[in-house]
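Please look at the sequence and the model that follow. The paragraphs after them lead through selected parts of the fold, one after another.

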Amino acid sequence: MSWIIEEKGYKKDNVELNGNKFLLGNGYMGYRGTLEEFEKGQLVACNLLGVYDKVGDKWREPVNAPNGFYTGLSCDQTTLGTLNSETPEHSQWLDIKSGLHSRRSVFSAPEGNRIEVESQRFLGLFNVHLMCMKYSIKAANKCNIEIKTGIDGEVWDINGPHLTQLKPRAKGEQLVIDAATGELGCKVSVAESMAFAGEAGVEMNQQIVAEDKKILRKVTFKAQPGQVYTFFKYVSVYTGNDGVEDPSASAEADCLNAKTTGYDELSARNTAEWGKRWKISDVKISGDDTAQLALRYSIYHLLSIAPAHSDKASIPARGLSGQVYKGAIFWDTEMFMLPFFLYTNPDIARNLMRYRVHTLDGARRKAVEYGYRGAYYAWESQDTGDDACTHFNVTDVFTGRPMRTYFRDKQIHISTDVVYGIWQYFSMTGDESILLEGGAEVILECARFLMSYAYFKKDKNRYEILDVTGPDEYHERVNNNAFTNKMVKNTLEVAGKTLKLLKEKHAAVCSELVNRLGYEPELDILNEMNELLYIPQPDGNSLVIEQFDGYHRLEDISLKELKSRIIDPNEYLGGGNGIAATTKILKQADTVLMLNLFKDRYSYEVKKANWEYYEPRTEHGSSLSPCVYALLATDIGNPEWAYKYFLKTATIDLTGESKQYAGTIYIGGTHPAANGGAWMAAILGFAGVSCSGSTGIINPRLPAAWDSLEFNLVLGGQIFGVAIDKSSVTLHSEEGNTADFIFYIAGQPVSCKPEQSISVNYN
Ligand code: BGC
């Protein structure tokens with residue numbers, strides 16, 4: 001039960017949401033949870049990772065490939081489908097254990113006939129180019145069935161059309177659409193093959209037809225009552241980014257191969273691949289079915305969008321659910337998704353961080369654009385690392401005019417987040433290659449950018465970070481945002497540690513790098529700024545850390561009061577004219593995020609005081625916010641405060657309860673940062689896991705509703721099973737482990753020997 005997401009009955013209004021909810025993905029592409037008869041109008045999309053295109057002066061966004069699953073059906077000349085037939089029975093479900101999407105519909109057909117359709121599909125994990133589908137038809141009475149199935153080249157675009165020179169063609173039994181993107185001429189080819197399951201004695205007519213941008217095969221036959229007619233579709237997608245000579249030839253060959261292997265065998269292989277991923281990543285919660293399903297579903301999304309096949313792309317803020325947010329990579333990846341991969345699949349974590357190395361030059365260009373040195377990473381990063389974010393990123397709902405926003409030019413914490421991510425990866429895995437292969441350069445260049453951004457205040461004898469926007473985007477262009485300043489300090493520290501490590505262990509690499517970057521003159525500033533950087537401190541009485549200079553002078557109103565001032569449900573609350581900007585209401589966790597990231601450096605009292613102060617003032621207007629409150633609540637020993645925020649985070653893509661518009665811009669889609677946040681809240685929060693170098697720490701504080709929690713951790717290249725119940729922690733060093741590993745369970749050190757189990761009471 002806890003692996004299936006299902007919706008019964010066809011609801012027209014849910015088409016858009018279900019596209020997200022029933023999404024399939026394999027890191028290379030995402031296929032929205034639409035039905036086979038759907039077209040562009042129902043937001044069908046096969047969203048490609050890392051292939052971007054720009055049309056005219058519209059936003060650059062990721063490209064959707066032609067839809068190789070398109071299938072239309074008619075019975076006795078009447079078109080059937082949820083869009084135009086009476087559909088007395090319908091259900092759509094996702095088996096998240098095997099990455100299988102299914103639907104079953106019964107349509108009313110002419111002469112009182114009833115036609116039942118069942119389909120199942122998956123995207124290849126073992127071969128990321130492959131998409132396979134099985135489709136069955138059963139008629140209650142004798143009738144003439146016509147199937148039109150093939151490739152639909154009319155794709156859903158927000159700022160398209162991106163595919164030019166669309167060339168549909170048939171090659172023997174195979175159908176192909178070749179296309180190229182307009183801006184860069186990147187080839188996109190989709191090939192499709194079909195095979196009937198071969199019901200005895202059926203005479204079928206097949207004909208290739210081209211309709212608009214579709215290339216289809218029309219199959220007609222006389223259906224006998226109760227007989228099931230099944231066919232399979234094998235689709236392959238290749239692009240000019242895949243390093244193959246001829247994407248079209250590769251797609252053709254790939255889908256013919258798949259056809260030879262057959263659906264059942266391919267499906268079994270795929271399920272086995274999913275099984276491997278789940279074996280490490282699954283988390284079992286007993287006592288709370290809602291939390292169990294929601295957490296697994298969150299993990300499913302992370303597994304489906306993880307770029308296991310490439311280190312040149314990372315995870316966009318809306319995953320692979322469409323073109324929303326320009327398919328761009330934000331700080332969401334480093335701060336909210338990376339931990340899941342670090343603790344369960346460090347190879348993918350490495351790919352995510354390598355993407356930042358590949359895009360370093362884009363970050364350098366952005367620094368130059370604003371008159372700084374070093375690397376200023378893109379707020380919205382695509383394939384080259386140049387910033388896709390515009391200076392007018394929100395539209396005013398009242399005037400219809402673009403609003404000046406400062407996400408792009410002032411959210412400098414992005415460079416600190418990248419460094420935080422790389423260092424986390426290095427600290428947890430000990431993999432120096434990340435530093436040697438460009439990571440150290442990224443760190444030094446980010447530190448250099450921050451040195452050029454900072455101001456030295458002679459009168460105060462300190463460095464300050466002025467004119468920034470912190471995570472709380474409602475308050476733009478503020479001074480000394482506590483989160484940003486602390487992250488800047490961390491970057492400087494990491495730069496210092498990186499240089500020390502290189503000097504000690506890789507002296508030649510170190511001097512080559514320092515020389516090549518002309519970094520020698522920066523070294524003194526680095527040390528001085530690290531020493532003299534101003535970090536906002538807890539107030540002597542209240543212990544509250546002011547979010548930024550002057551925050552305490554803002555109007556202190558309740559969230560309810562702020563909401564009562566809203567005129568249009570989609571109005572943007574931040575920025576110059578936004579109603580939140582003059583108040584203390586924050587969009588998302590800011591100071592509380594800082595306290596969570598650096599929890600070991602602040603006292604229990606400070607963390608508690610700030611959680612209690614900022615919590616009622618936080619709108620959670622970003623899906624990134626609730627998990628942070630959950631994390632800090634568990635840290636201060638209050639899992640019940642954390643629980644509601646955990647659940648809000650973990651259920652976001654199931655309920656679809658999230659902001660769909662920012663101003664007039666559609667921002668719906670899946671929420672990978674929240675998916676990562678749900679995992680963090682469970683494992684780093686309720687289980688209290690952390691890892692410092694070669695030791696693991698577990699400080700359980702389960703919510704009352706949970707009887708136990710079971711999961712795996714990959715630490716130091718070894719896998720450990722962890723089972724926590726109300727009073728004990730059981731650790732199991734998995735088969736194949738070769739070294740002892742030290743854990744601290746609620747403060748008690750235990751050595752976990754290879755392939756052994758050990759139980760410890762924690763209360
Ligand atoms: C949040 C950002 C986030 C972005 C993408 C915005 O609403 O405020 O922090 O990076 O969405 O998820």
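Predicted model: local features only at pLDDT ≥ 70, side-chain atom pairs only at ≥ 80, totals over all residues.

In which crossing, left-handed or right-handed, does α6 pass α9? The crossing is left-handed; this term applies if the near helix is turned anticlockwise from the far one by less than a right angle, and right-handed applies if it is turned clockwise. Residues are numbered from 1 along each chain as its sequence is written, and side-chain values use heavy atoms, with hydrogens and water left out.

Two packed helices are described by the angle between their axes and the distance between the axes. Helix α6 (residues 346–358) and helix α9 (residues 413–429) pack at about 145°, and their axes are 10 Å apart. Here axes are lines fitted to C-alpha atoms, for helices over the stretch in contact, and angles run from 0 to 180 degrees between N-to-C directions. Helices (H or I, at least four residues) and strands (E, at least two) are DSSP runs, numbered from the N terminus. On the side of α6, the contact (heavy atoms within 4.5 Å) is made by Pro 346, Ala 349, Arg 350, Met 353 and Arg 356. On the side of α9, Ile 414, Val 418, Gly 421, Ile 422, Tyr 425 and Thr 429 take part. These residues divide into seven nonpolar, two polar and two charged, where Ala, Val, Leu, Ile, Met, Phe, Trp, Tyr, Cys and Pro count as nonpolar, Asp, Glu, Lys and Arg as charged, and the others, Gly among them, as polar.

The next element is an open sheet of five strands with antiparallel pairing, in the order β7-β6-β12-β17-β16. Two strands pair if DSSP finds at least two bridges between them. The edge strands, β7 (78–80) and β16 (205–211), each pair on one side only. On average, neighbouring strands of this sheet are turned by 25° against each other, direction ignored. Within the sheet, strand β12 (residues 143–152) and strand β17 (residues 214–223) run antiparallel and are joined by ten bridges. Ile 145 stands opposite Phe 221 in β17. In the loop between β16 and β17 lies Asp 212, whose phi is near 45°, a positive value in a residue other than glycine. Asp 212 counts as exposed because its relative accessibility is 75%; exposed means over 50% relative accessible area, buried under 20%, and partly exposed in between (1.4 Å probe, protein chains only).

Why does Phe 221 count as buried? Phe 221 counts as buried because its relative accessibility is 3%. A search of the whole structure finds 43 aromatic pairs. Rings of Phe, Tyr and Trp (its six-membered ring) pair if their centres lie within 6.5 Å; planes under 30 degrees apart count as stacked, over 60 as edge-to-face and the rest as tilted. Phe 221 and Tyr 229 form a tilted pair, 4.6 Å centre to centre with 45° between the planes. Tyr 229 is likewise buried, at 2% relative accessibility. The pair of Phe 646 and Phe 686 is edge-to-face, because the ring centres are 5.7 Å apart and the planes stand at 75°. This pair links distant parts of the chain, with Phe 646 in helix α18 (residues 639–650) and Phe 686 in helix α20 (residues 672–686), 40 residues apart. Both Phe 646 and Phe 686 are buried.

Helix α16 (residues 604–614) has several buried residues, including Val 606, Ala 609 and Trp 611. The buried residues of α16 pack against α15 (591–597), α17 (626–635) and α18.

Other buried places lie in strands. Five of the five residues of strand β5 (residues 61–65) are buried, so β5 is largely enclosed by the rest of the structure. Strand β4 (residues 46–53) pairs with β5 in the antiparallel sense over four bridges, and Cys 46 stands opposite Ala 65 in β5. Phe 122 lies in strand β10 (residues 114–123) and counts as buried because its relative accessibility is 0%. Phe 122 and Ser 267 are 145 residues apart in sequence, yet 7.6 Å apart in space, C-alpha to C-alpha.
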